[in-house]
Structures are given as structure tokens and as C-alpha cells.
Amino acid sequence: MKALSLPIFMVLMFILLVAVLIPAYLIFNSVQLYNYQGSQQAVGYLQGQTQETNNVFRGNPNVYLNSSKTPYLEIQYTSIPYPLNITQVYYFNGTSWVPVLYSPRVIAGDGNILLPTRAYNQPVLIVSGNGNIYFLEPNTSIDTVNVQGPSGKVPVYIASFVINGSKVYPVSTQVVFGVGGGQTPLVCYVLPGTYPLDEKQNSTFLPQYGLTGVFQNWSVVGYGQLSGPNSESTYLTVSGPVVVTAIYKAYEAKYQVTIKPSGLSLNPLTNNIHGSSTITLNPLNTTVPVIIDNKTYHLGGNGITLNLTYGYHLIQFPKYYNITFNYSFTNYSFTSKGKSQSTQFSVYAGEINCYRFTALTPSIKNITVYGQDVVFVAGNGTVYGNYSLHQVYYAVLVNNSFFYPSGVKVYHSNPPSTGDVPGQLVQINNSFVIGPTAYNQNERLYFKNWTILKDTYVYLNQLSGNFDISGQPYSVLLSQPVNVSAKGLITTKNGLALETINFKEGSEIIIISPFIITDYQEWFVGGEPL
């Protein structure tokens with residue numbers, strides 16, 4: 001019996017090996033094979049996502065949202081069609097994303113996807129079979145991110161919109177999601193689970209529209225669920241790709257606000273000098289351009305009154321602004337019969353005042369100023385754009401006066417040789433020359449108030465042409481300087497006085513008003529006979 005038991009035991013052990021160990025070996029090897037196949041499928045899925053987004057962003061196909069009264073998606077291929085599997089299209093109706101397709105669409109050639117008329121002028125989301133989400137503004141092509149992430153993680157697309165009546169405006173707001181976040185629109189990649197979602201901004205400002213939106217609720221499309229859609233801080237449970245939208249409602253209450261420049265001389269000014277003289281300034285530009293909520297208004301001295309919504313508004317006055325004035329000085333004389341006008345000195349565009357913007361100031365506490373150009377409106381009132389005078393410039397007009405000696409008769413002159421003949425012949429401050437460059441046209445220069453001009457040299461002039469002077473032909477005329485005069489205001493012990501100064505070489509004038517400088521020169525006959 002003992003001899004038989006050993007062979008029986010060996011047979012039983014062989015049966016055990018065949019029945020248990022070999023199937024186990026096959027099973028373990030099969031699991032490795034399935035794992036390999038699964039990883040290969042994941043790689044292929046990611047490759048499909050990448051290939052699709054590469055094609056779409058290269059414009060093959062080009063997907064365009066035509067937001068006409070009959071809106072539609074226009075799809076056009078630029079080369080060999082790569083089929084685009086669209087599982088769903090959503091449009092935003094003001095509160096949530098609304099699905100359009102009843103079943104997936106495979107696009108393999110040029111074509112259109114009609115959208116409901118309610119989708120007119122609304123943004124659209126396109127979800128592809130590869131898990132990509134594309135975002136389109138009205139009348140734009142695809143301009144968003146693809147949602148491909150690490151293996152095992154799903155995309156969460158977060159956007160923000162402001163609703164103003166029937167209009168929808170995409171905005172960028174600060175959002176915290178999970179342990180990350182950022183400015184919307186953004187895409188986060190997470191494992192399925194529940195995550196905190198927090199909209200950090202209770203309100204948002206759209207300066208280009210003059211609107212302020214306040215948070216209203218969240219909207220969800222896809223594989224996600226919110227614990228509290230009406231709360232800024234909530235939790236999002238994610239089980240697959242999902243689009244979350246923070247919806248803001250624009251304030252509709254309006255207030256009358258007057259925006260008015262202050263410190264700018266937009267109306268005529270008259271200054272009395274010691275009771276016997278006046279300086280009158282009449283502005284040539286009587287308005288100042290002001291940008292209010294991305295629209296330019298030209299404000300006069302009384303400003304403008306607008307109906308502004310409750311919230312933030314952009315008011316941008318120019319940082320510097322110049323006003324040009326017609327300058328007029330009048331001196332009065334007194335007789336037994338009273339005051340009578342004696343002299344007047346007027347210069348067109350004779351003075352330029354440069355003003356510098358200082359700050360916005362409100363008239364009431366219901367309007368608050370933030371920074372240089374933003375106000376928060378919570379009631380009726382006035383906002384002043386304040387300026388201070390930065391610089392004053394005065395015009396200096398320069399002309400020439402050429403004449404012939406007494407007794408000389410000019411029978412022919414080509415070009416003209418008398419009066420205001422072109423020539424920059426007066427040197428100033430050893431650095432530059434002044435004088436007209438065309439016939440009968442003053443050279444107009446502007447100098448800062450209290451600038452000192454010194455006559456450092458006066459040049460003679462040479463004029464070529466055909467001239468018949470006292471019966472003698474000439475081809476060239478030569479001149480000699482006679483005098484330079486400068487007419488303008490000077491300071492005296494009694495104040496200001498209008499004087500015509502002999503502005504000879506070495507003399508100076510101080511620019512405290514407009515000046516008219518005239519260079520007198522005489523042709524001396526006998527230059528070069530023909």
C-alpha cells in the first residue's frame with residue numbers, strides 16, 4: 001500500500017497543476033494584455049483630441065458663427081475634409097446654455113448648422129465627440145481653448161457673462177476652483193469628484209459699455225451639478241466634461257449726472273489792467289473732447305448731462321489740453337467827456353494756453369471717484385474734470401518789408417520785389433533765423449511766456465529774376481538792412497503798455513504778449529546789369 005500511495009499522490013499533484021496554476025497564469029497574462037490595450041486606447045483618444053484641435057485651429061474646417069437674424073454655424077474645409085463629430089451645440093439664452101441638436105452630427109464636407117432665432121447675437125458652445133469644447137462669439141470663428149487634459153482627468157470650462165436686457169457680454173472675472181483658478185474664461189482638469197467653486201467678484205465693470213454687473217447665479221452644461229447655483233461660493237460635483245458659467249445682471253437704475261470741465265477757459269475772457277486797458281481772449285476751440293463709457297463727447301463750459309446706470313463709469317478727460325485764443329489789447333484814453341478808445345492791438349490765434357488735468361471731483365457723496373478716470377454712481381450729481389494752467393505761449397509773427405530808395409521807378413519786377421518778400425534774415429539768440437518763407441505770408445512762431453529773444457544778426461537779401469528799374473535791366477538785386485521793429489506789450493511802472501521797439505542787433509524783447517516783428521530792408525540799385 002505504501003508503494004502505491006506515492007504514484008497516486010504524484011498524479012493528484014499533476015491534476016492540480018493543470019486545473020489551477022495554468023489557468024491562473026493565463027488569467028494574469030490576460031490582465032496585462034487588457035491593461036496594455038486600455039493604455040493604447042487612452043493614447044489613441046488623446047491623439048484624436050489633439051489632431052482634431054490642430055485641424056480646427058488651422059481652419060480645416062473653419063467654423064464661423066454667422067449671427068444674423070437667422071443664425072447658423074458655417075463650416076468650410078480648406079483641404080481634404082477631416083470629419084468633425086459634433087455631439088452638441090449650445091447657445092446662451094441669458095440665463096443658461098440651451099442645447100440645439102437632437103442627435104450628433106458628423107461633418108465631412110462644407111455645410112451649415114441652423115440655429116434657433118433666439119440664438120441671434122448670442123455666444124455658442126460646440127462640444128465634439130473627442131471631448132473638445134469650442135467657444136464662439138457672434139460673427140467670429142473658433143477662438144477658444146481645447147479641453148484635452150491628462151489621462152483620467154476631465155475638463156471643466158468656466159466662463160462669465162453680463163446680461164443687460166437682451167444683450168450678453170462676455171467678461172473676465174476672478175474664479176477659484178478646487179485649489180486653483182484664475183481669470184475667466186479658463187479650463188481646469190480634475191478627477192471626478194466634488195470641488196469648491198468661488199466667484200471672487202460680487203460685481204464687474206464693463207467700461208466700454210458703461211455697465212456694472214452684479215453676480216446673479218451659476219449655470220451648468222455637461223456632467224456636473226452645483227450644490228447652490230445662486231451662491232457665489234458653492235460646490236461643483238464633476239463626473240465628466242462640464243461648462244460652468246457665472247452670470248451677472250447689469251444694474252438698470254439710472255441717475256442724472258452732469259459731467260463738466262472746470263478750470264478751462266472755454267468762454268471769452270476780459271482782463272482789466274489798471275482801469276485804462278483791457279486784454280480780451282476769445283477762444284477758437286470752445287469744447288473739450290471727453291470719453292464717457294467709450295463714447296466721445298465734446299463738452300462746452302456747461303458740460304453735458306447723461307442718464308448713467310448705477311455702478312461704475314469711465315470718464316476720461318484729456319491729460320493735457322490746449323486752447324487757442326484770439327488776442328486783443330485795447331488802451332483807453334480819458335478826456336473831460338469820458339473814456340474813449342485810443343489804440344488796439346489784435347492778433348489772430350495770438351495766445352495758446354496749455355492746461356493739465358488734475359482730478360475728477362464729485363459734487364455729492366453719492367458719486368465716488370476711483371483713480372484718475374473711474375466713478376461709481378449711486379445718485380444724481382455733477383462730476384467736475386479739473387484743470388490747472390500749465391503753460392502759456394504767445395504768437396510771434398514775422399514779416400519783411402522791402403522797398404526801393406526814394407526816386408527810383410520800377411517798371412518791371414519778376415518776381416515781385418517790394419513788400420513782404422520771402423527771406424529768413426533775422427538771427428535770434430545765435431541759434432536760429434526767423435522770417436517768412438512765402439510772399440505775403442507771415443511766419444508764425446510760438447514762444448513760451450517770458451522767453452527772451454535777442455536779435456544777434458540781420459542778413460542782407462539777394463533776389464534773382466528780371467527787373468527793369470529806372471530803365472535799367474537787372475538780373476540780381478541786393479538789399480541792405482535798415483531797421484527791425486517789434487510791436488507788442490512791455491512792462492512799465494504803470495503796468496503794461498503797447499510799444500513798437502527798435503529791435504536792432506543786440507537788443508532784446510521779452511515775450512509777455514504776442515509780437516509782430518518786421519524786417520525793413522532797402523534794395524540798392526546797381527547790382528548786376530543784364
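Two strands are said to pair if DSSP finds at least two bridges between them. The model described here is a predicted one. In it, strand β2 (residues 72–76) is joined to β6 by four bridges, and the two strands run antiparallel. Within this pairing, Tyr72 stands opposite Leu114 in β6.

These strands belong to an open sheet of three strands, in the order β1-β2-β6, with antiparallel pairing. At its edges are β1 (62–66) and β6 (111–114), each of which pairs on one side only. With direction ignored, neighbouring strands of this sheet are turned by 20 degrees against each other on average.

## The four-stranded sheet

Another open sheet is formed by four strands in the order β32-β31-β34-β38, and its pairing is antiparallel. The edge positions are taken by β32 (432–434) and β38 (508–511); each has a single partner strand, so one side of each is left without a neighbour in the sheet. From one strand to the next, the twist averages 40 degrees.

Within this sheet, strand β31 (residues 426–428) and strand β34 (residues 451–458) run antiparallel and are joined by three bridges. Ile428 has Asp455 in β34 opposite it.

## The pairings of β18

Strand β18 (residues 254–262) pairs with β23 in the antiparallel sense, over six bridges. Tyr255 stands opposite Leu308 in β23.

Six bridges also join β18 to strand β29 (residues 381–403), but here the strands run parallel. The bridge partner of Pro261 in β29 is Gly385.

## The largest pocket

Which strand gives the most to the lining of the largest pocket? It is β23, with four residues. Both β22 (295–299) and β23 (304–309) supply at least two residues of this lining. The pocket has a volume of about 260 Å³.

The lining comprises 18 residues, of which Tyr209, Gly210, Leu211, Asp293 and Asn307 lie nearest the centre of the pocket. Sorted by class, the lining has eight nonpolar, six polar and four charged residues. Domain 2 (149–252) and domain 3 (254–393) both contribute to the lining, so the largest pocket lies between them.

## Aromatic pairs

A pair of aromatic rings is described by the distance of the centres and the angle of the planes. Across the whole structure, a search finds 15 aromatic pairs. One of these is formed by Phe177 and Tyr195, with 5.5 Å from centre to centre and 50 degrees between the planes, and is classed as tilted. Phe177 lies in strand β11 (residues 174–177) and Tyr195 in strand β14 (residues 193–199), so the pair ties together parts that are 18 residues apart in sequence.

Key:
Residues numbered from 1 in each chain as written. Predicted model: local features only at pLDDT ≥ 70, side-chain atom pairs only at ≥ 80, totals over all residues. Heavy atoms only, no water. 1 Å grid on protein atoms, 1.4 Å probe; cavity = no way out; pocket = protein on both sides within 12 Å on 5 of 7 lines; lining within 4 Å. Points joined across faces, edges and corners; volume = space filled by probe spheres on them. Nonpolar A, V, L, I, M, F, W, Y, C, P; charged D, E, K, R; others polar. Domains from an automatic or database assignment. Axes fitted to C-alpha atoms, helices over the stretch in contact; angles between N-to-C directions. Phe/Tyr/Trp six-rings, centres within 6.5 Å; stacked < 30°, edge-to-face > 60°.
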